[in-house]
Amino acid sequence: MQQLGHGETLVARTARELAQLSLGLEDGQFIGAEDDLLQRLGVSRPTLRQAAKIAENDRLISVRRGIRGGFYASRPDANDAIRTLARYLRLKGATLLDIMAVSRLVAEEAAGLACQCADVALRADLARFAEGIERADSVSALIDAEAVLASLVARMSGNPAIELVMAIGYSFGMEEQGTGLYRDPAHRAEARRLQSGLCQAILDGDGDIARLMMRRRSTTMAEWIAQLQA
């Protein structure tokens with residue numbers, strides 16, 4: 001395999017160039033036909049095809065055959081990345097408590113930033129969520145509601161890094177349905193109360209209270225999980 005400077009192979013460089021071409025276009029836009037890209041990138045057909053497989057595995061291009069075939073811009077799916085990271089952490093022996101120890105401060109920051117959100121649609125979504133909190137009375141419904149609320153708060157923070165960290169944490173949470181979390185009706189009632197308090201603080205724009213409510217949520221959930229594991 002041809003080696004370039006700094007240990008980069010020709011295939012790797014070509015994959016990087018394909019990714020750059022893709023990122024310069026909108027998702028789904030046509031990058032070029034194979035013959036066009038052979039000339040444009042100055043590589044052989046086998047090299048281009050190997051590089052295309054790398055870029056396609058990274059979800060940065062899609063290759064279509066037949067009529068209107070060629071290379072098209074693509075984008076990674078955030079949910080795919082989150083599931084992959086969550087799977088990796090589980091394989092490394094991480095637990096939900098491990099994730100919460102890292103994500104709780106991020107969640108508090110998200111709650112504070114969400115109070116400053118001026119997006120009318122997101123605020124309306126949060127208000128609708130708050131109105132339906134009492135309907136989430138089963139274990140699965142409450143865990144689903146926790147994930148929805150976390151996603152809303154993360155998006156309202158306006159910080160994609162916060163969205164990623166919180167999504168990983170709640171991806172773990174969704175898999176905890178068989179552990180006994182929220183089986184106690186008193187725990188479900190308390191969880192709904194804390195959800196309601198957090199929503200109200202964000203809608204009121206009170207950053208201090210929002211951070212406090214998020215801290216209480218994290219602390220309370222950690223205590224329940226620790227009790228289940230004792």
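How many residues lie between S2 and S3 in their hairpin, and which residue in the turn has a positive phi? The legends below start there. The model is predicted: local features need pLDDT of at least 70, side-chain atom pairs count only at pLDDT 80 or more, and totals for chains, interfaces and linings use all residues. Residues are numbered from 1 along each chain as its sequence is written, and side-chain values use heavy atoms, with hydrogens and water left out.

**View 1. The hairpin of S2 and S3.** The hairpin has 5 residues between its strands. Gly 66, in the turn, has a positive phi of about 80 degrees. Strands (E, at least two residues) and helices (H or I, at least four) are DSSP runs, numbered from the N terminus. S2 covers residues 61–64 and pairs with S3 in the antiparallel sense over 4 bridges. Two strands pair if DSSP finds at least two bridges between them. Arg 64 has Gly 70 in S3 as its bridge partner. Ser 62 has Tyr 72 of S3 as its bridge partner.

**View 2. The sheet of S1, S3 and S2.** This open sheet of 3 strands has the order S1-S3-S2, with antiparallel pairing. S1 and S2 stand at the edges with a single partner strand each, so one side of each lacks a neighbour in the sheet. The twist averages 35 degrees from one strand to the next. S1 (residues 30–32) joins S3 (residues 70–73) over 2 bridges in the antiparallel sense. Phe 30 stands opposite Tyr 72 in S3. In a regular strand the side chains alternate between the two faces of the sheet.

**View 3. Helices across the sheet.** Helix H2 (residues 34–41) lies across S1 and S3 and runs at about 60 degrees to S1. Helix H3 (residues 45–57) lies across S2 and S3, at about 125 degrees to S2. Axes are lines fitted to C-alpha atoms, for helices over the stretch in contact; angles run from 0 to 180 degrees between N-to-C directions.

**View 4. The packing of H6 and H9.** Helix H6 (residues 120–131) packs with H9 at an angle of about 150 degrees, and the axes are 10 Å apart. The two helices are therefore roughly antiparallel (over 145 degrees; under 35 is roughly parallel, 65 to 115 roughly perpendicular, the rest oblique). H6 contributes Arg 123, Leu 126, Ala 127, Phe 129 and Ala 130 to the contact. From H9 come Gln 195, Cys 199, Ile 202 and Leu 203. Contact means heavy atoms within 4.5 Å.

**View 5. Arg 188 in H9.** Arg 188 is found in helix H9 (residues 185–204). Its relative accessible area is 12%, so Arg 188 is buried (under 20%; exposed is over 50%, partly exposed in between; 1.4 Å probe, protein chains only). A polar atom of the Arg 188 side chain lies 2.6 Å from the backbone oxygen of Asp 137. Beyond its neighbours within four places in sequence, Arg 188 is in contact with Asp 137, Ser 138, Val 139, Leu 142, Tyr 182 and Arg 183.

**View 6. Ala 222 in H10.** Ala 222 is found in helix H10 (residues 207–229). Ala 222 is buried, with a relative accessible area of 17%. Leaving aside neighbours within four places in sequence, Ala 222 is in contact with Leu 97 and Met 100. Ala 222 and Asp 98 are 124 residues apart in sequence, yet 9.8 Å apart in space, C-alpha to C-alpha.

Terms used. Polar contact = N/O pair within 3.5 Å; in protein donor to acceptor, adjacent residues only side chain to side chain.
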